[in-house]
Amino acid sequence: MFFRVKSAGSYQYLQIVHSIREGEKVRQQVFGTLGRLDELKASGRLEALMRSGLRHCENLAVIDAHTAGETQAVRVRRIGPELVFGRLWKESGIQEVIGSLLEARRYDFDVERAIYLTVLHRLFASGSDRAAERWREDYLIAEPKRLNCIISIEPWRSWVRRSNQRAKRLWVQHVA
């Protein structure tokens, strides 16, 4: 069963409907028309109807209690950057490229996730690696199972230091 808005002339009516399969076809059967949608909203009867139904539904009762201010948030984490950029990161192939480049090396942490976190942080906020560590706490970011990602940024810093030292050695050898 579900609600459906049915237009009739310039008015919209709210109906309770359910689907019935008749052979190959599915058709909708109207249980009842609750009234004009604009009048139901203006009078508050629609909200009262929904609240009376909430008494019988445990999961939605939590949402209703939160709306009424009867609950306190334990932790709020933002999901937008991960939803958008995480998909772009995977679809562009960056994750696979970094993974293949680092395949032979064995780090104690997931370098690809560290790079991802750094890039995501630079896109949505500015600051240092230390700032990325604090920034990360407010966002829901996919982390590998084998590691709680970068709880401490120290493994990432040591990797950067080693990489910079190697790059300097190669550059000095190349120039000489």
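In this predicted model, Ile-141 touches Glu-82, Tyr-116, Leu-117, Leu-120, Trp-135 and Arg-136, leaving aside residues up to four places away in sequence. Ile-141 itself is found in the loop between α7 (129-136) and α8 (154-175). With a relative accessible area of 10%, Ile-141 falls under the 20% cut-off and is therefore buried. Gly-80 lies 61 residues from Ile-141 along the chain, yet the C-alpha atoms of the two are separated by 9.7 Å.

Ile-141 also belongs to the largest nonpolar core, which has 15 residues. The largest share, six residues, comes from α6.

Two packed helices are described by the angle between their axes and the distance between the axes. For α4 and α6, the axes come within 11 Å and cross at roughly 125°. This angle lies between the 115 and 145 degree limits, so α4 and α6 are oblique to each other. The crossing of α4 past α6 is right-handed. On the α4 side, the contact is made by Pro-81, Glu-82, Phe-85, Gly-86 and Trp-89. These residues meet Glu-112, Arg-113, Ile-115, Tyr-116, Val-119, Leu-120, Leu-123 and Phe-124 in α6. By class, the contact of α4 with α6 has nine nonpolar, one polar and three charged residues. Glu-82 of α4, like Tyr-116 and Leu-120 of α6, takes part in this helix contact and also touches Ile-141.

Definitions and conventions. Residues are numbered from 1 along each chain as its sequence is written. This is a predicted model: local features need pLDDT of at least 70, side-chain atom pairs count only at pLDDT 80 or more; totals for chains, interfaces and linings use all residues. Side-chain values use heavy atoms; hydrogens and water are left out. Helices (H or I, at least four residues) and strands (E, at least two) are DSSP runs, numbered from the N terminus. Buried means under 20% relative accessible area, exposed over 50%, partly exposed in between (1.4 Å probe, protein chains only). Contact means heavy atoms within 4.5 Å. A nonpolar core is a set of buried Ala, Val, Leu, Ile, Met, Phe, Trp, Tyr and Cys residues joined through side-chain atoms within 4.5 Å. Axes are lines fitted to C-alpha atoms, for helices over the stretch in contact, and angles run from 0 to 180 degrees between N-to-C directions. Angles under 35 degrees count as roughly parallel, over 145 as roughly antiparallel, 65 to 115 as roughly perpendicular and the rest as oblique. A crossing is left-handed if the near helix is turned anticlockwise from the far one by less than a right angle, and right-handed if clockwise. Ala, Val, Leu, Ile, Met, Phe, Trp, Tyr, Cys and Pro count as nonpolar, Asp, Glu, Lys and Arg as charged, and the others, Gly among them, as polar.
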